[in-house]
Amino acid sequence: MTRRPWRVVVLAVVVALGVGAGVTWAVAPAPTPSWVQPTVTDAAQVEVSARDFAGERSVPVTAALSEQRELLLPDGGVLRETACAVGEAIESGSAPFLVDDHRVLALHTSTPLWRDLGVGIRGDDVRAVQEELTRLGHEVEATGYYGAGTAAAMSQVWVDATGEEKVTSLALSRVVWLPDREVVAAGCPLQVGPSPRGRSPWWRAGA
């Protein structure tokens, strides 16, 4: 009779150990698979490469030649000297030609000159001359009236360019009109010697 309680105690201990092991197995976290383990990488060992990107692209471009222009030398006379040379520039306010015994003044104005100018004349052509005289460094008010101030400035420009005596008026036969402040010759059709009858082209540019 004394052996039964001992067996009961042993059985209870065995059962308790089994239950404890089951609880421990159920609570303990499952091991993480190796294929999901994070990989530790040393940032200093990562290779970084660089390359330039200029964003260059092809753009269609069309080149167009400017319209041909011809400037006319005053009618008649013998061309004794010319400063026209292909690729060379002629500036407004210079005297690039010698016709007969007088120089010819090259002058740029916003509108082509079409008549002789002198004291008392009014018009847009006078105003254009006054604007160019101002650009050349002379204090002239662009009123459109050719007065004493304009005559004095014109005279000084003439002397500086030609070295000849002062003139107060601007004769059309003594001036070559320039479409720009500076022109570059693409051709010089008029050579030294007698000029053909009629106004002759001395300078050509463009296609």
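Modeller: Gladly! Keep in mind that this is a predicted model. Let us start with α2, which has 12 residues. From first C-alpha to last, α2 reaches 17 Å, close to the 16 Å expected at 1.5 Å a residue.

Colleague: Which residues of α2 are buried?

Modeller: The general idea comes first: an α-helix has 3.6 residues a turn, so residues three or four places apart point the same way. In α2, the buried residues are Asp125, Val126, Ala128, Val129, Gln130, Glu132 and Leu133. They pack against β5 and α3.

Colleague: And what comes just after α2?

Modeller: Glycine 137, with a positive phi of about 105°.

Colleague: How does the length check work for α3?

Modeller: Helix α3 covers residues 148–162, and at 1.5 Å a residue its 15 residues should span 21 Å. The end C-alpha atoms of α3 are 21 Å apart, so the expectation and the model agree.

Colleague: What do the buried residues of α3 pack against?

Modeller: Their partners are β4 (94–99), β5 (102–108) and α2 (124–135). The buried set of α3 includes Ala151, Met154, Val157 and Trp158. After α3 comes glycine 163, whose phi is positive, near 80°.

Colleague: How many helices and strands does the chain have?

Modeller: Three helices and nine strands. Along the sequence the pattern reads α-β-β-β-β-β-α-α-β-β-β-β. Of the chain's 207 residues, 28% count as buried. Among contacts with a separation of 6 or more, 57% come from residues 24 or more positions apart.

Note on methods: Residues are numbered from 1 along each chain as its sequence is written. This is a predicted model: local features need pLDDT of at least 70, side-chain atom pairs count only at pLDDT 80 or more; totals for chains, interfaces and linings use all residues. Side-chain values use heavy atoms; hydrogens and water are left out. Helices (H or I, at least four residues) and strands (E, at least two) are DSSP runs, numbered from the N terminus. The expected span of a helix is 1.5 Å times one less than its number of residues. Buried means under 20% relative accessible area, exposed over 50%, partly exposed in between (1.4 Å probe, protein chains only). Contact means heavy atoms within 4.5 Å.
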